[in-house]
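Subject: A structure for you to look at

Hello,

Here is the structure I promised to pass on. Have a look at it first, and then read on for what turned up in it.

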Amino acid sequence: MDRIAELLWQRLRDPAVRLVLAASAAAALAVVCLVGWSAQPDRFSRGFAPAQPIPFSHRLHAGSLAIPCQHCHSGADRSRSAGVPSLEICMGCHKVTRIKSPPIRKLASLYESGGSLAWKRVHSLPGHVFFDHRPHVSAGIACQTCHGPVQDMAVLRQDMSLRMSHCLSCHRDPKAALPAGSAIARGPENCYACHR
Amino acid sequence: MAEPIEPDLSRREFLGVLGASAALAAGCSRPDRGEIVPFDKRPAGARPGNADLYASAFQEGLSAYGVLVKTREGRPIHVQGNDKHPSCAGKTSLRAMADIMGLYDPGRLRRPLVKGRPASWDQARGRLLSDLLGARAERRPVLLMTNALLSPTRRALVAALGKALPGLKHAVREPACGGAEAAALKACYGDARRPRLRLDRAKVMLALEVELLSGDRPEEIKGFAANRGEGSMSRLYAFEAGMSLTGANADHRVPWKPSRAAALGFALARALHQSGRPLPAGVADSVLAGFDLEALAKEQGADPALLRALAEDLKRAGSSALVVAGPALPPQAHAAAFLLNTMLGAEGSTVDASISPPAEELAGDEESSRFLLEAAQGRFAAAVFWGVNPAYAFPDAALWDSSAAAIPLKARIGRTLDETARACDIVLPEHHWLESWNDFEPSSDLLLLQQPAVAPLYDTRQGDDVLLDLLRGLGGGAPLDYRSYLMERWRREVQPASSLLPFERFWSSALHDGALRREAASRPPRRLDGAAVTKLARQTGAPAASGFELILSPGANVFDGRYADNGWLQELPDPVTKLSWGNAVCVSPADAVRLGLADGDIVELSAGGVEVELPAVVQPGQAPGTLGAALGYGRRAGSVAAGVGVNLFPMLAGSGAAGLLLPDTELQKTGCRTALPFIQRHHKMEGRDIARSITLAKSRQPRLTHSKDLATLYPPRKFPKHKWAMAVDLSLCTGCQACAVSCQSENNVPVVGAERVLEGREMHWLRVDRYYEGPAENPKVLLQPMMCQQCDDAPCETVCPVAATNHSDEGLNQMAYNRCVGTRYCANNCPYKVRRFNFFEYNAQTPESRRLAFNPEVTVRPRGVMEKCTFCVQRIQEAKAAARSAGRALRDGDIEPACAAACPAGAIVFGDLKDPASRVSRLAARGRGYRVLEELGVKPSVTYLADLSNPAGDRDAS
């Protein structure tokens with residue numbers, strides 16, 4: 001045994017071996033970090049803020065101008081999807097407002113030519129999840145509960161993870177999200193509430 | 001149809017992809033999540049995420065139905081009945097629901113073809129128009145062959161075209177409808193209007209070789225169901241050769257040779273006359289002298305007492321009796337039925353001709369043959385085949401070939417490149433009915449409006465628009481499109497002069513409802529021509545032939561072959577034989593023993609010099625000496641239809657004028673065998689009380705179900721808010737399978753194909769089981785819709801190793817596809833065999849266009865996952881959300897699963913057991929309520945109500 005230990009010790013004095021060992025350790029650490037980082041649950045969700053075809057600012061519209069969310073996202077209490085406003089809604093104001101600015105000109109020309117405006121989707125759920133805005137909005141839950149402080153975002157980004165644990169934590173204890181005095185004690189925890 | 005997918009990634013490629021995706025994941029890019037494209041201007045009422053319903057209408061054969069088309073984001077995903085069509089009241093033909101597949105059929109033509117080459121509409125139209133102009137100049141006739149038009153506006157258009165093109169010969173073909181009934185109506189009443197059968201008014205019904213209760217007769221099923229409960233119970237007698245759903249639901253079914261149906265009718269008339277019912281004017285009693293009930297009973301091996309009871313019942317029911325003869329029967333049998341109805345006073349009561357629209361002149365095989373013979377002699381300058389498919393469905397193929405060769409220009413208006421389109425020079429692709437405008441007149445007090453539910457998917461045009469365009473080209477003044485033509489006619493002829501509404505309001509309200517009730521001009525009651533009946537009665541005699549009597553009927557699902565390209569309808573089994581993907585000839589058990597036949601033996605049928613080989617099925621209840629087979633199979637073209645089953649239209653060439661009945665057919669065993677894709681392979685209940693049937697008298701006795709609670713190891717389940725449950729009344733269910741089609745459409749259920757059905761791997765979430773009880777010569781038939789029973793103590797839940805299936809606190813047995821790892825333990829442990837395993841990537845293989853028919857509210861399941869009925873949980877959630885956003889509580893009836901919504905009989909009721917006043921609670925508490933395999937202690941949520949029968953002589957009944 002002693003002989004083997006001695007041999008190993010001798011090898012370790014070899015600078016080349018030391019370099020290889022150190023490099024391997026560093027590489028192993030790097031792999032662990034990389035895998036850990038890339039596999040973190042919210043890796044692809046939180047902070048996603050793609051560039052939009054028109055640099056629409058929620059900070060300006062929902063924040064400074066304090067336009068209510070449902071003025072534009074009028075499906076929120078009437079449909080499963082809140083919906084993105086039709087160009088007509090935008091043009092309601094922008095026929096007269098800031099008509100010289102290039103993005104508004106782009107908007108107006110799209111509207112007049114009957115072209116279509118393709119916004120980049122920011123919030124999305126997997127195909128096996130069936131989320132319905134109606135019960136959440138009619139329960140009085142603020143949009144910001146899931147969408148984050150949209151009124152402060154110049155570029156819309158996903159603020160919450162929108163993972164199942166996120167949904168369930170609120171369904172189990174919705175008090176913080178509900179308006180004071182709400183009669184709702186819990187949200188459903190059935191599989192079929194969201195998956196079918 | 002899906003084939004097993006070979007993995008298309010080798011291991012090396014897989015590792016490569018894995019490495020590449022790992023590298024991508026480690027990088028800084030985030031996957032794109034797609035785009036959201038909003039409306040430029042949102043139409044009022046259109047809201048992404050919500051379903052829209054459009055009222056429209058569906059036509060097939062000689063019937064039209066009002067339907068509601070459910071669309072999501074602009075694409076039709078489901079069809080259901082429109083309750084503004086009063087006689088169908090929210091129900092429709094199963095083919096109306098299934099034909100949504102036709103809209104998304106990948107085999108649809110996308111542009112016109114001239115001589116097989118893609119062409120523009122201008123080229124195709126120019127070619128056709130110049131030939132028509134040439135024909136007009138030369139005064140040569142032009143042939144227009146269509147299906148039944150059924151639409152007053154379309155009829156006006158064809159008439160206008162006939163004026164602009166004087167040589168136009170219009171032939172209306174419905175190859176599977178038979179002409180005997182129309183011929184008899186014409187002979188006996190002078191008018192071929194088909195009366196409406198009021199089964200809801202009928203107390204005693206006699207069905208002679210007629211299918212009244214199949215999925216394409218919602219009106220009759222609804223009427224029948226009106227009198228099949230404890231409160232009011234009718235009695236149905238069926239005399240038939242093959243086993244039909246009518247026979248299966250009859251209180252008395254008698255195997256009877258079709259050639260003797262007329263004799264039975266006249267013998268009954270004689271018995272009624274002898275007991276004091278007067279004969280109508282012109283019918284001499286001497287003509288009935290030869291028909292004797294006792295002798296007939298002896299000849300057909302029936303119980304004479306039963307025939308006497310039938311005569312007695314009919315007499316007692318009087319104007320509440322109804323006698324119907326089937327389309328395959330010769331005119332004599334129809335005349336006998338007319339005579340009986342007249343003698344009983346049923347005319348005007350259960351047989352209502354007062355609001356029948358004018359009948360269309362159908363060109364039978366004989367008349368069509370004459371046209372084609374003329375064509376073969378080079379008489380026609382051109383021919384337009386619209387909808388009809390004579391290259392497939394015309395019996396005399398040689399005559400079709402020679403006439404097709406002799407017509408200089410053949411044009412086809414149709415949806416796919418089918419047999420006729422292949423034979424034509426110009427092929428004009430047609431809109432699907434969900435892309436079309438039209439009106440239909442199912443009765444003279446009702447007009448249905450058909451409106452597009454989607455913009456045309458391809459560069460197609462409506463057939464009517466093509467004719468309109470030709471009309472304009474021929475110099476007839478006409479508006480630019482058929483919609484304007486339709487509106488103009490409605491403005492002129494439909495809006496009542498007394499109406500104060502502006503036409504636009506009148507039109508949009510009719511369009512919204514999809515139906516317009518009108519004052520029907522009252523017609524004097526029709527009079528039976530006694531002399532004609534006498535003449536037909538004189539022609540009724542015993543058949544001299546020694547061979548089998550073969551009845552050909554339109555396929556229960558594929559009709560005359562026009563729906564053969566529909567995977568849903570191919571996989572939906574025949575409601576009685578339970579054979580999917582093809583047709584077979586039904587042989588009686590006695591004949592099968594005599595000839596040594598078993599299911600799947602290939603036999604050769606020959607009649608009138610035509611020979612056809614097809615597999616045989618031994619059909620319990622089939623009358624000895626008779627055979628039955630379905631038309632509509634054996635298509636040569638079509639991505640789904642080609643090569644499925646055997647084309648039996650050629651057999652009709654041997655039948656001559658007799659229509660769908662071939663009185664002298666030879667059957668020979670060939671010695672070959674084939675495996676038949678049956679959906680149900682075992683036909684007996686083996687002593688277990690699965691589908692129950694009791695007589696009306698017995699139903700008055702106390703409850704028949706197990707009442708004591710069985711011991712259980714599980715703690716009782718608590719349902720704090722709702723407990724969803726279903727009740728299925730087997731007394732109302734006729735086994736038509738409309739529920740199964742509706743379920744398939746609603747729940748994205750895949751089609752697996754014949755090969756997989758042979759392995760027992762069909763995927764239907766809801767099936768209709770059919771059991772035979774009693775002697776094979778004439779068994780009692782029990783029909784039972786079977787879906788997930790949503791057991792409270794579900795045996796599937798306890799064996800799932802990953803808890804993918806578990807129980808909700810609303811009483812649903814939930815299936816979370818994303819958790820399922822595919823062990824199939826659950827299916828193994830399910831006593832009802834309602835769990836279905838997705839063995840292959842059926843959905844991933846679905847062609848792009850067909851995917852548009854998917855319901856976006858239901859997961860499209862991948863391979864390796866178990867799936868089953870969910871009680872349409874998406875509809876439950878939708879109703880809850882809608883009620884909540886309307887600020888009201890959920891009401892009984894708010895939720896209607898697809899099966900219940902489609903059931904013409906109203907046999908399926910869904911609701912909340914926690915609400916003691918709900919319909920389902922009341923039904924579940926009924927005396928004849930029971931749960932299937934209750935003795936297992938699994939506590940199913942589905943209550944079946946035992947079938948009620950009302951046989952003659954049942955004590956203290958009626």
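Leaving aside its neighbours within four places in sequence, which residues is B:Pro390 in contact with? Keep in mind as you look that this is a predicted model. The contacts of B:Pro390 beyond those neighbours are B:Met145, B:Phe385, B:Trp400 and B:Thr420. The proline itself belongs to helix α14 of chain B, which covers residues 390-393. B:Pro390 counts as buried because 26 other C-beta atoms lie within 10 Å, and the cut-off for buried is 20 or more. Another pair you could look up is B:Pro390 and B:Ala421: they are 31 residues apart along the chain, and their C-alpha atoms are separated by 10.0 Å.

Next, the place where the two chains meet. Chain A and chain B each bring 37 residues to the contact. On the side of chain B that touches chain A, the elements giving two or more residues are α1 (11-26), β1 (35-36) and α30 (873-885) of chain B. Of these, α30(B) gives the most, with 6 residues. By type, that side of chain B divides into 14 nonpolar, 12 polar and 11 charged residues.

The chains also share strand pairing. Strand β1 of chain A, residues 119-120, is joined to β1(B) by 2 bridges, and the two strands run antiparallel. If you want one pair to find on screen, take A:Lys120, whose bridge partner in β1(B) is B:Glu35.

Chain B has a barrel that I think you will enjoy tracing. In it, 6 strands close up in the order β21-β25-β22-β24-β23-β26, with mixed pairing. On average, neighbouring strands of this sheet are turned by 45 degrees against each other, direction ignored.

Now for the domains. Chain B is divided into domain 1 (196-352), domain 2 (543-673) and domain 3 (721-949). The C-alpha centres of domain 2 and domain 3 of chain B lie 32 Å apart. Their contact takes 13 residues from domain 2 and 18 residues from domain 3 of chain B. On the domain 2 side, α21 (567-571) and α22 (589-595) of chain B each supply at least two residues, and the largest share, 3 residues, comes from α21(B). That side of domain 2 is made up of 8 nonpolar, 3 polar and 2 charged residues.

Finally, a word on the backbone. Most residues other than glycine have a negative phi. Two residues of chain B are worth a look with that in mind:

- B:Arg824 has a positive phi, near 65 degrees. This arginine is in the loop between β32 (813-815) and α28 (825-829) of chain B. B:Arg824 is partly exposed, with 15 other C-beta atoms within 10 Å.
- B:Lys833 is not a glycine either, and its phi is positive at about 50 degrees. Its place is in the loop between α28 and β33 (836-837) of chain B. B:Lys833 counts as exposed because it has 12 C-beta neighbours inside 10 Å, and the cut-off for exposed is 12 or fewer.

Enjoy exploring it, and do write back with any questions.

Best wishes

Notes. Residues numbered from 1 in each chain as written. Chains lettered and ligands numbered in written order. Predicted model: local features only at pLDDT ≥ 70, side-chain atom pairs only at ≥ 80, totals over all residues. Contact = placed C-beta atoms within 7 Å. Helix = DSSP H or I, 4+ residues; strand = E, 2+ residues; numbered from the N terminus. Nonpolar A, V, L, I, M, F, W, Y, C, P; charged D, E, K, R; others polar. Pairing = 2+ DSSP bridges. Axes fitted to C-alpha atoms, helices over the stretch in contact; angles between N-to-C directions. Domains from an automatic or database assignment.
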